[in-house]
Amino acid sequence: MLASHSSNGILARLAGLFCYSTAPQPTQIRSTLNHHSENLIEVRDLKFSRGHRRIFDGLSLNIRRGEVAALMGPSGTGKTTLLRLITRQLIPEQGAIYIEGVDIATLSQAELYLLRQRFGMLFQNGALLTDLSVFENVAFPLREHTKLSNRLIRHIVLTKLHAVGLRGAADMMPAELSGGMARRVALARAMVMDPDILIYDEPFVGLDPISLGVIVRLVRRMNDALGITSIIVSHDVEEVATVADRSFLLSDGKVAASGSPDELRTANSDLVRQFMHGMADGPVAFHYDAPDYAEQLLGRDSE
Amino acid sequence: MRRSVQDIYENATDFLRTFGAFQLFFLRLLRFSPGILVSRFDLVVKQVYNTGALSLVIVMVCGLFVGAVLALQAYSNMSMFNAEDWTGVAAAFALVKELGPVMTAILFAGRAGTALTSEIGLMKATDQLSAMEMMAVNPVRRVLVPRFLGGVIAMPLLAAIFSGIGLFGAHLIGVELFQVDVGSFWQQIQLTLDIDDINEGIIKSVVFGVAASLIAVWEGYNTVPTAEGVGRATTRTVVITAIAVLVFDFMITAAMI
């Protein structure tokens, strides 16, 4: 019974490789996701490990429709990993992630791609396509997913590049850009399809003060004007406080605290206080687990 | 003892798992190939240029010298039997049936294969493939398939050019240097080399093109996304392609003799 079941599975998989699946139309997937709850994204009892290291151990959180939510926490707490799980670049070991009420683990690849057309994501390093110019990088999603005329694509791309202050850099190649400029181009690319959900992975790193101020205001303004939902991963407590409606502080594989930036700043928890005020002493050790410093310097740790 | 048995078992299962994944990967490339050939032929043309046109110089230079060396060897041996007129035939057979496809495939692996692997590996290391996934663009279809098809199309063309230039090199040595009669040189080739010999060369170059391109994109796509990982993947591309080409060469030759 088991053997026939698994051989059927293999045959189906092989058949699937050669059959062009009848991909659902955008309207189909949108109707299946048309769930009018207050929460746009729900993460339930998430468990995930990398190697032997447990990253999430029963993490749950909700992100409300239309808010700017910030994921914060000490290095190595899995903030970027959580983004990758929410976008199904990774699969959780246990638990579920619901977007508009649909468990994303149940989506076929065609449905997943339709869902991802509603996402815009800014990667930590920009992740610009190095063989395309700045203009073509921003135009890339439009060329792949729409049949818009070149004239209209040019109009949209220049509008988005203007918003991030890089209209003049349209003909440059990614290798010619500074780190901050590359991230701003990536931001223009992330918003070029007018997504419903914008995800920012460390958007404020490497920006000069002027660009930082513009980008912070842009994130907030886009969210409010277009009615989208934004998720920001950042260590930058001050900038997050100016832009986020709610922050989630991750620690030990769970949400240690959540609330508005003001609520977190005045929280009684030692962990929250340590993180929000950047204190060396507290529940989160600055030093990674190591043998005694003096013993190691004297070479006695290996005896 | 028990430990070594367990190691052998784990290595064997790892190998089988990787080999299975490699086959499924090949099927995925084949699945998307017709669509890309029809709807995004511009991407394929660009990759034919990258893998083929940019390999032309190395292929032509090597072809010229390989043909010249073959003629030197053939002439020095044939002249012992007063069969200098057969210099061209010996060089032509060696080039068209064996050295053309094999040498081109190995040069292809060293020039274009490594470029493909490192390009795809770096795209992976810098999150470009993940970014495509997030833009709902399948990187296998958009990045890997055009590169695979570009290599498959470019390889037979390069092998033909290698053989052609090699024959020219043999002509320079045989006819211009050793004064073999030009009519005999080319007529012997024309009379002796038949279409089956040329077909054998074409079949080999197509098979080698598939193997070299497939290995290059597989290694790039599965590279460990670090500088060291990309370096190792690039080395593996050359080593595995060279071995695969020689094994396939033996199998095809054995089947066609």
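Reader: At what angle do helix α6 (residues 139-177) and helix α8 (residues 195-221) of chain B pack, and how far apart are their axes?
Author: The angle between α6(B) and α8(B) is about 145°, and their axes are 8 Å apart, where axes are lines fitted to C-alpha atoms, for helices over the stretch in contact, and angles run from 0 to 180 degrees between N-to-C directions. This is a predicted model, in which local features need pLDDT of at least 70 and side-chain atom pairs count only at pLDDT 80 or more, whereas totals for chains, interfaces and linings use all residues. Residues are numbered from 1 along each chain as its sequence is written, while chains are lettered from A and ligands numbered from 1 in the order in which they are written. Helices (H or I, at least four residues) and strands (E, at least two) are DSSP runs, numbered from the N terminus.

Reader: What makes the crossing of α6(B) and α8(B) right-handed?
Author: A crossing is left-handed if the near helix is turned anticlockwise from the far one by less than a right angle, and right-handed if clockwise. The crossing of α6(B) and α8(B) is right-handed, so the near helix is turned clockwise from the far one. The contact of these two helices has 15 nonpolar, six polar and one charged residues; Ala, Val, Leu, Ile, Met, Phe, Trp, Tyr, Cys and Pro count as nonpolar, Asp, Glu, Lys and Arg as charged, and the others, Gly among them, as polar.

Reader: Which residues of the largest nonpolar core touch the most other members?
Author: They are B:A91 and B:A212, in a core of 140 residues. A nonpolar core is a set of buried Ala, Val, Leu, Ile, Met, Phe, Trp, Tyr and Cys residues joined through C-beta atoms within 7 Å. Helix α4 (residues 87-125) of chain B gives the most to this core, with 18 residues. Beyond its neighbours within four places in sequence, B:A91 is in contact with B:G67, B:L70, B:A71, B:A74, B:L167 and B:A170, contact requiring that the C-beta atoms, placed from the backbone, lie within 7 Å.

Reader: How many residues of chain B are in contact with chain A?
Author: 13 residues of chain B are in contact with 17 residues of chain A. On the chain B side, α1 (2-39) and α5 (128-134) are the elements that give two or more residues, and α5(B) has the largest share, five residues. By class, that side divides into six nonpolar, three polar and four charged residues.

Reader: Why do β1 (residues 39-50) and β2 (residues 53-64) of chain A count as a pair?
Author: Two strands pair if DSSP finds at least two bridges between them. A:V43 stands opposite A:L61 in β2(A), and in their hairpin, which has two residues between the strands, A:G51 takes a positive phi near 65°. Five bridges also join β1(A) to β4 (residues 94-99) of chain A in antiparallel fashion, with A:I99 as the bridge partner of A:I41.

Key: Two residues are in contact if their C-beta atoms, placed from the backbone, lie within 7 Å. A residue is buried if 20 or more other C-beta atoms lie within 10 Å of its own, exposed if 12 or fewer, and partly exposed in between; C-beta atoms are placed from the backbone.
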